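Here's a quick briefing to read alongside the model.

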Amino acid sequence: STSPDQQRWAVVTGASSGIGAATARRLATEGFRVVMGARRVERLERLAEETGGLAVELDVTDADSVAAFVERVPECHVLVNNAGGAKGTAAVAEADEDDWRWMWETNVLGTLRLTKALLPKLVSCGNGHVLTVTSVAALETYDNGSGYTSAKHAQAALHRTLRGEHLGEPVRFTEIAPGLVETEFSEVRYGGDTERAAAVYRGLTPLTAEDVADVIAFAATRPAHVNLDQIVLKPRDQA
Ligand code: NDP
């Protein structure tokens, strides 16, 4: 067993499903104690029982909730900014401001809030690591997806800026940019339209949440002097 001074702590946002849940499980098997945050706390509690982690309610769009969450984090060596997603698809000409606000609040300001609040702990532990789950939508644009692609571009710009601002400090920064991953998000993206969600995967085998969690765990377990800046992973048959 690990002595308390060797114990490494990880925070995973959006750990109640998909990539975040798989990452919390995977980091636990790597010996991390994982603080899991999301709004659906009963799901986190089940995962906490399974992994020996801590389940803490978190709404990344609410500054008070973020402050209360951070109070419950004893130490933080690794922060996985994973909470996020997409809402609605529409041409720019028909863009829905509420959907845009949701996507920017969750993906961009959520990442900003958690990173700001946990950076002091990440630096003072002497070996911190921020991993942000962006998307290939942070690298390209596509029709009817400007709300999501613009939020993911902004989230990535914020994440990439951190490395320069903290150069010389004991903290690393890795951007994880997945292509299509089969999660609950696949249906959320099309407002519960299962037929349309399934059509996205026609002709290719999507990544699983575990495929992404493997890559996150790999990056988080490199020696402290190694910084993986950006990892793009896609299904083999995704263009
Ligand atoms: P899921 O919908 O399965 O998971 C999204 C997670 O984010 C949930 O745990 C949800 O928890 C959490 N979340 C959403 N809003 C908030 C909030 N306000 N506060 C706290 N947590 C929140 O989707 P994925 O696992 O696919 O998505 C995870 C990340 O991966 C997202 O950033 C997404 O953009 C990105 N991504 C996904 C891809 C895909 O194809 N699936 C591809 C590339 C990137 P709860 O609802 O309980 O709060």
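H4 passes H5 in a right-handed crossing (right-handed if the near helix is turned clockwise from the far one by less than a right angle, left-handed if anticlockwise). Keep in mind that this is a predicted model: local features need pLDDT of at least 70, side-chain atom pairs count only at pLDDT 80 or more, and totals for chains, interfaces and linings use all residues. Residue numbers start from 1 along each chain as its sequence is written. Helices (H or I, at least four residues) and strands (E, at least two) are DSSP runs, numbered from the N terminus.

**The H4/H5 pair**

- The axes of helix H4 (residues 97–124) and helix H5 (residues 146–165) come within 8 Å and cross at roughly 15°; axes are lines fitted to C-alpha atoms, for helices over the stretch in contact, and angles run from 0 to 180 degrees between N-to-C directions.

- Seven strands make an open sheet, ordered E3-E2-E1-E4-E5-E6-E7, with parallel pairing (two strands pair if DSSP finds at least two bridges between them).
- Strand E3 (54–57) and strand E7 (230–233) are the edges, each pairing on one side only.
- From one strand to the next, the twist averages 15°.
- Strand E6 (residues 171–178) is joined to E7 by four bridges, and the two run parallel; Glu175 stands opposite Gln230 in E7.
- H5 turns up again here, lying across strand E5 (128–133) and E6 at about 155° to E6.
- Helix H2 (residues 41–51) lies across strand E2 (33–38) and E3, at about 165° to E3.

**Around the ligand**

- The ligand is surrounded by 29 residues, the closest being Gly14, Gly18, Arg39, Gly84 and Phe185 (near means a C-beta atom, placed from the backbone, within 6 Å).
- Helix H1 (18–29) and helix H6 (185–188) are the elements giving two or more residues to this shell, and the largest share, three residues, comes from H1.
- By class, the shell holds 12 nonpolar, 13 polar and four charged residues.

Conventions
Ala, Val, Leu, Ile, Met, Phe, Trp, Tyr, Cys and Pro count as nonpolar, Asp, Glu, Lys and Arg as charged, and the others, Gly among them, as polar. Two residues are in contact if their C-beta atoms, placed from the backbone, lie within 7 Å.
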